[in-house]
Amino acid sequence: LSHAAKMAQINPQPAQVGTWKITAYDQENFQGKRMEFATSCPSIVECSFDNVRSLKVESGAWFGYEHTNFCGQQFVLERGEYPRWEAWSGSNAYHVERLMSFRPISSASHKESKITLYEKENFMGQPWEVHDDYPSLQAMGWNNSEVGSMKIHCGAWVCYQYPGYRGYQYILESDHHGGDYKHWREWGSHAQTFQIQSVRRIQQ
């Protein structure tokens, strides 16, 4: 095994053993080469995989990324089994079969979840505080299809382009720069739009 592969199989912080565990397979339906991870993997290629085609999340919540080094389209990987790529990208409504890197979502372990949405960039315009899952922001009183900026006070959230948790998804954390997202381009390297119409909490 390469050094990266060996490091992926151990947790450098013994106190956290059991907090994070994901098992990746290079074939669909949990077949082929198998490797367990308890910490971030910036490149599945360094572990002698060409792609992740199925996986099991055994503990914790994780970010999955389309490209290496945590770039490209994001996917939230919560506890459960993902036998094919559609299982983690199906609600995204975009055809992305690649999953090349992943890392734990540390802020998903927060007991409470709270965000404030703002109409405009730099926390300007009408604010709206959110504590719960909303399959349609507009149906619950948000007057726009767009969000200019957000403050994530606690927890981790998935924000979706369309109602019903569909479209591009952005995973936003309270642990990221104090939870401040001043502009929609800060939502991720793959950010395509400031249109957000549904949000939900990520809970372990």
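Student: In what sense do strand 1 and strand 3 pair, and over how many bridges?
Tutor: Strand 1 (residues 21-27) and strand 3 (residues 54-59) pair in the antiparallel sense, over 5 bridges. Strands are DSSP runs of E, at least two residues, numbered from the N terminus. Two strands pair if DSSP finds at least two bridges between them.
Student: What stands opposite Thr-23?
Tutor: Lys-56, in strand 3.
Student: Before I go on, what kind of model is this?
Tutor: This is a predicted model: local features need pLDDT of at least 70, side-chain atom pairs count only at pLDDT 80 or more, and totals for chains, interfaces and linings use all residues. Residues are numbered from 1 along each chain as its sequence is written, and side-chain values use heavy atoms, with hydrogens and water left out.
Student: New topic. Which residues lie nearest the centre of the largest pocket?
Tutor: Tyr-65, Gln-74, Arg-103, His-176 and Trp-187, out of 14 lining residues. A pocket is an open set of points on a 1 Å grid over the protein atoms alone, where a 1.4 Å probe fits, with protein on both sides within 12 Å along at least five of seven lines; lining residues have an atom within 4 Å of a point.
Student: Why does the pocket lie between the domains?
Tutor: Because domain 1 (21-104) and domain 2 (114-201) both give residues to its lining. Those bounds come from an automatic or database domain assignment.

Note on methods. Helix = DSSP H or I, 4+ residues; strand = E, 2+ residues; numbered from the N terminus.
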